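I opened the model to look up its sheet, its helices and its nonpolar cores. My notes follow.

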Amino acid sequence: MYSAAYRWGSVEFPLPFGRVLSPTETFIHSLDERTSASLKFTVLNPKGRIWTMVAGGSASVIYADTVGDLGYALELGNYAEYSGAPNEEEVLQYARVAMDCATADPDGRKRALIIGGGIANFRDVAATFHGIIRALREKESKLKAARMHIFVRRGGPNYQTGLAKMCALGEELGVPLEVYGPKAAMTGIYMHGLVATLQNLGISNLYAAAPMRPTRLNIILACNILKNSPMLEMLKIVGSEANQSWVHKAKVRRILVIAGAF
């Protein structure tokens, strides 16, 4: 397609399913078109109380998917990804937009902002944080008005300096800010800090309402689907737990989702 681009002329391809970009998304899209980096931002729920700003395309999907997997999908405000070594000014503009969305229309209820990522191969993590730190300082009053709780997880070159700057910033601004390095699993910060915080924030888990006992049929079907998968042993363990005791609906759903994905 690209080798024959001249044949296509000025043809513009529409967005999937005919969706229309919001002004915020249009602004990020224009930034993305003017840089060699990748800047993506999609608003999922403007009234959501969980917002993300994640470095890395794969990592951004994992962070967003984990929020849903833990039962908080209805509270996920956005999908966000920045990668490809954007410069400080680009990160600053991107972070401003993300924080404006995350802090819009404060209603007295607390919110969570996840500034995450995997372990960078070559990008200086501290340098990447410069633009984010500038944006956080600019948005201090909005963050406090929205009662924002911030989680930071990052690894890679010079990550210690970057995380130390984030820690100092949290103290400077007086905003709750938790920092995690590469020793914490990428999605582990949800289990270690975010889930407990969300419960304290009053954000309800969609799947935690009523316990249910999974049937042997569900487990057998899942094992048949996964029989050639390395995840089978994990599923057998979960299935064994499920047969021995009552479990939350979220765990049962995870079994079926994993099974349906293969």
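Which strands does helix α5 lie across? I found that α5 (residues 125-138) lies across β2, β3, β4 and β5, running at about 165° to β4. Angles run from 0 to 180 degrees between N-to-C directions, with axes fitted to C-alpha atoms, for helices over the stretch in contact. Helices (H or I, at least four residues) and strands (E, at least two) are DSSP runs, numbered from the N terminus.

Provenance next. The model is predicted: local features need pLDDT of at least 70, side-chain atom pairs count only at pLDDT 80 or more, and totals for chains, interfaces and linings use all residues. Residues are numbered from 1 along each chain as its sequence is written, and side-chain values use heavy atoms, without hydrogens and water.

Then the sheet. I read six strands in an open sheet, ordered β1-β3-β2-β4-β5-β6, with mixed pairing. Its edge strands are β1 (38-43) and β6 (177-180). Pairing requires at least two DSSP bridges between two strands. I checked β4 (residues 111-117) against β5 (residues 148-153): they pair in the parallel sense over five bridges. Alanine 112 stands opposite histidine 149 in β5.

Last, the cores. A nonpolar core joins buried (under 20% relative accessible area, 1.4 Å probe, protein chains only) Ala, Val, Leu, Ile, Met, Phe, Trp, Tyr and Cys residues through side-chain atoms within 4.5 Å. The largest has 37 residues, and Ile115 and Phe129 are among those with the most contacts inside it. Helix α4 (residues 88-102) supplies the largest share, nine residues. Apart from this core lies another, of 16 residues, including Val67 and Tyr180.

Key. Contact = heavy atoms within 4.5 Å. Buried < 20%, exposed > 50% of the residue type's maximum accessible area, 1.4 Å probe, protein only.
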